[in-house]
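Thanks for making the time this morning.

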Amino acid sequence: MPRKSRLKESPDTRPLSSVGEVHAVSDELPAESLLDGPDAVGVFDREGRALKVNGAALRAGAPSPTASPALLNKLPPFWNNEQERERIRGGAFHADGLQNEVVRFPEQGSAPERVYWVSVRGTSSGFVAVAREVTERIWEINELMATFESFVAASDRDPVTSFFTREQFRLLVERETRAAASSGRSVALLHFELDDFQLLNDTHGIASGDEFIVRLSEALRQTGRDGEVFGRVGGAEVAVLLPDLGAEQAAAEAERILTLVSRLPYFSDARTLTLTACAGLALFPEHAKGALELIQATAGALKDARRRGRGRFRIHDPADHERERVDRLRAQAERIRDDLTNGRFVPVFQPIAEIGTGRIVSVETLARRRDDDGKLGLPMEFLDAAERFGYVTEIDRAIIAGAFDAFASGRGRIDSELEMSLNLSALDFDDDRLVADISHMARRKGIRPERVTFEITETAALRELGRVQHFTQALTAEGFRFALDDFGIGFSSFRYLRELPVSCLKFDVSYVQNLPTQLENRVFVRGIAEICRGLGVKTVAEGVESASVMSILRELGVDRAQGYYIGYPSLELPARLGTSSGTFRAFPPPG
Ligand code: C2E
Ligand code: CA
Ligand code: CA
């Protein structure tokens with residue numbers, strides 16, 4: 001393999017030649033004398049015509065501009081097509097230029113793929129670009145990725161409770177039901193959830209919540225029956241697989257666990273609270289034909305129990321909730337239709353800060369429903385019904401239009417470089433007109449597509465990768481960008497980073513909030529941040545609520561932060577302060 005032998009000339013890890021220094025001399029000195037080192041350097045006029053290039057650039061395939069300045073759409077190693085040329089040329093005239101933009105020259109015939117980091121800065125008469133080849137570095141990164149993927153796959157235990165993870169537990173339920181089916185045995189599945197746990201976490205802090213979960217898991221393990229298997233299937237949710245148990249015994253076990261929870265004290269700030277839990281139970285083969293149905297039946301029973309109040313327990317009963325559920329969703333859907341007609345879905349904006357400088361560089365747009373008293377309802381009150389009844393794409397259109405409007409009418413008052421991100425739902429990928437409508441709306445409002453990022457979750461991407469690819473490519477061709485949302489929960493597969501044109505990755509709230517207590521999370525985040533940097537993918541941490549999490553993120557090399565520590569979602573866009581930097585700062589930069 002050529003791979004091994006080439007690794008000897010291992011990639012340069014020096015900082016990329018500071019384009020700032022080049023700037024200082026570029027107008028006076030001929031480019032040949034400029035840094036004839038390993039980095040390719042080119043001097044361009046304002047249009048992007050090459051005026052001078054150094055030896056390294058010539059060796060990388062740049063044409064010599066001696067006869068007449070070359071204005072080319074493809075100019076290795078600096079850009080590979082017209083769009084990229086425009087992006088780099090445009091970036092040169094931003095206040096900070098562009099740093100480490102990833103430029104790829106795909107494999108051609110026998111020539112292998114080449115990858116460069118291009119940095120660029122404007123001069124009085126044009127711009128200077130420096131390109132460093134990082135092909136080898138990318139190979140290393142790919143290897144790192146493969147290692148991480150197997151690392152993630154191998155972690156089948158929840159680090160807090162040592163119970164099986166959700167995914168692993170599901171596999172165990174599958175195995176157990178298959179075995180039970182072939183030997184004619186029964187399996188009971190119990191699913192319980194602590195009541196008001198999120199509220200407690202919010203008021204008393206995650207640390208006391210985690211501490212409670214640890215003690216609960218120990219108590220469960222010590223008192224459990226033989227053969228019981230536990231899975232941590234959510235933040236405050238545990239599932240218990242009970243092989244060979246009939247309905248009565250399983251119900252007794254459920255009651256025993258609920259009592260155990262209520263006897264376990266929750267300590268916080270010199271106060272001791274009593275917690276309760278709700279539980280749902282279902283049996284195989286009585287209530288379900290397979291593992292998936294069994295899991296769903298249990299979750300349905302839990303939901304029924306929760307609807308009845310705190311500390312409740314229900315056994316699966318199909319007649320019990322199906323009608324009630326459908327009626328409720330239908331009523332919600334009718335209200336959504338009404339609210340759409342009356343323009344009640346409005347965007348709120350949550351600021352996102354650059355960790356290095358504290359500058360607010362972007363906002364995430366979140367949907368809210370305004371009711372008659374002007375109160376703003378959260379997505380959890382309407383998204384579920386909207387997705388089920390096919391209204392979510394209309395809501396998304398309304399939010400996108402509202403956000404573009406706010407940016408257009410805020411012009412002058414807000415930072416002109418402010419970026420925005422918007423959420424998409426999986427159902428949006430089925431709407432053939434959406435891409436055209438989005439570009440049309442952006443053009444009409446004078447919104448620059450490269451300032452707009454669409455967030456998609458892994459679950460949405462998973463549903464139909466082919467469709468999503470098609471959709472994302474269409475929007476990328478218009479210049480819009482993509483972010484992978486909620487990274488760190490679920491599969492966390494790097495596959496999407498390679499297969500989708502993703503320019504940003506957002507670590508999930510739950511992941512970020514555990515950073516102070518979970519060493520594994522810190523290792524994971526540092527590794528991913530490093531990989532992303534190599535791929536030119538920005539990283540954002542969501543749910544940052546404290547200065548301590550902020551400083552951990554800074555140390556781990558995450559680019560941006562979002563959360564209550566930076567700012568709450570608001571109907572108003574963050575205003576420009578008119579300071580020398582012209583930008584609102586969320587917190588002072590370090591040092
Ligand atoms: P998300 O995209 O992960 O959005 C981040 C959520 O975290 C928001 O909840 C936000 O208010 C909340 N959050 C922000 N900072 C903090 C913090 O410091 N701590 C904690 N604990 N939470 C924080 P929200 O607004 O309720 O949105 C929930 C979800 O609804 C979003 O999750 C997104 O998946 C979906 N959603 C929101 N707006 C839209 C939309 O316009 N279209 C679609 N399709 N989905 C949307
Ligand atoms: Ca989001
Ligand atoms: Ca998220």
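Predicted model: local features only at pLDDT ≥ 70, side-chain atom pairs only at ≥ 80, totals over all residues.

Let me start with strand β8, residues 229-234, and strand β9, residues 237-243, which pair in the antiparallel sense over five bridges; strands here are DSSP runs of E with at least two residues, helices are runs of H or I with at least four, both numbered from the N terminus, and two strands pair if DSSP finds at least two bridges between them. Within this pairing, G231 has A239 of β9 as its bridge partner.

Residues are numbered from 1 along each chain as its sequence is written, and side-chain values use heavy atoms, with hydrogens and water left out.

Stepping back, β8 and β9 belong to an open sheet of six strands with mixed pairing, in the order β6-β8-β9-β7-β12-β13. The edges are β6 (164-165) and β13 (313-315), each of which has a single partner strand, so one side of each is left without a neighbour in the sheet. Across β7 (187-194), β12 (277-284) and β13 lies helix α10, residues 291-307, running at about 145° to β12, where angles run from 0 to 180 degrees between N-to-C directions and axes are lines fitted to C-alpha atoms, for helices over the stretch in contact, contact meaning heavy atoms within 4.5 Å.

Finally, the axes of helix α19 (residues 519-535) and helix α20 (residues 547-556) come within 9 Å and cross at roughly 50°.

Technical notes. Chains lettered and ligands numbered in written order.
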